[in-house]
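Hi,

Here is the structure I said I would pass on.

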Amino acid sequence: MEMILITGMSGSGKSVALHALEDAGYYCVDNLPPELLSPFVALKRPHNASKLAIAMDVRSATSLPLVPQQLRELKAQGVQVQSLFLDANTDTLVRRFSETRRLHPLSRIDATDQHRALVDAIELERTLLAEMREQAHVIDTSMIRSAQLQGYVKSLLQHPGRQLTLVFESFAFKRGVPLDADYVFDVRMLPNPHYEAGLRHQTGRDKPVADFLRSHSEVDDMFRHIEQFLSHWLQALVRDHRSYVTVAVGCTGGQHRSVYLVETLAAAFGKDWPTLKRHRELEAG
């Protein structure tokens, strides 16, 4: 049996992720009380439900501390468990709640300052979910569309987490650092194809841009330094029982340098490790 547990911030896209898993053939349950997790899995076993996806959120805050122990017990019973945490920055969550006009589950209604109450509720939720986040693979949904999130979730199904999977992600610093990054590398000091008229409207996946970047020794130095750093620490991450490690590479616009290095790193590490690629800005277009 495979089980994916989805948790995360209210408004971060848990319903979208659950729909993606339902499309992929998972039996999905939303807002299952933590007390019912083990009994529910036991109930589904006789019915040959081999793929389950369960969403939990802060509405079950008082019983969320039960979940880590239950997950350990399920793993001991042979259930392949993946934990997925959806996150987003506070400004994005405030905007989403404002657009939908829904109340946050932890909102304390204050007639004099309702917006401040919403921000307070979001920060309280972060505190309550901190342990769950620490034990899960994190996806930052702040800057991505619903279709991108569905694609990210489905791509994770290709690598079920039994072996450490490297996720390489390109991004633009001008749009913020991804919250899901375990390691962040800044490559804005490298030669920028944006200032080459013939390359400006291409990306780091295009051969002319790649040839331009390969012609500069400092780009090769950056690649080797990142490669050496990751290679040195990968076995330690495996011993720490990590299922996913997200390596974010950022440049100014997220179009050229970061994209090229993500493609190159993924190709190099993909020879020995399961790898995934994400290009936040390219895929948002």
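Below are my notes on the cores, the aromatic rings and one alanine.

Keep in mind that this is a predicted model, where local features need pLDDT of at least 70, side-chain atom pairs count only at pLDDT 80 or more, and totals for chains, interfaces and linings use all residues. Residues are numbered from 1 along each chain as its sequence is written, and side-chain values use heavy atoms, with hydrogens and water left out.

Let's start with the cores. A nonpolar core here is a set of buried Ala, Val, Leu, Ile, Met, Phe, Trp, Tyr and Cys residues joined through side-chain atoms within 4.5 Å. Buried means under 20% relative accessible area, exposed over 50%, and partly exposed in between (1.4 Å probe, protein chains only). The largest core has 30 residues, and Leu166, Phe168, Leu261 and Phe269 touch the most other members. Strand S6 (165-172), helix H7 (207-214), H8, strand S8 (244-251) and helix H9 (257-269) each give two or more residues to this core. Helices (H or I, at least four residues) and strands (E, at least two) are DSSP runs, numbered from the N terminus. Apart from that core lies another, of 29 residues, including Leu5 and Val94.

Next, the rings. Rings of Phe, Tyr and Trp (its six-membered ring) pair if their centres lie within 6.5 Å; planes under 30 degrees apart are stacked, over 60 edge-to-face, and the rest tilted. That rule gives 5 aromatic pairs. One of them is the tilted pair of Phe171 and Phe173, at 4.9 Å centre to centre and 55 degrees between the planes. Phe171 counts as buried because its relative accessibility is 0%, and Phe173 is buried too, at 18%. Tyr183 and Phe229 pair edge-to-face, with 5.3 Å between centres and 80 degrees between the planes. This pair links distant parts of the chain, as Tyr183 is in strand S7 (residues 183-186) and Phe229 in helix H8 (residues 217-239), 46 residues apart. Tyr183 is partly exposed at 22%, and so is Phe229 at 31%. Ring pairs join Tyr183, Phe185 and Phe229 into a cluster.

Finally, which helix holds Ala17? Ala17 belongs to helix H1 (residues 14-23), and it is buried because its relative accessibility is 0%. Leaving aside neighbours within four places in sequence, Ala17 is in contact (heavy atoms within 4.5 Å) with Ile6, Leu86, Leu149 and Val153. The C-alpha atoms of Ala17 and Leu149 are 6.8 Å apart, although 132 residues separate the two along the chain.

Cheers
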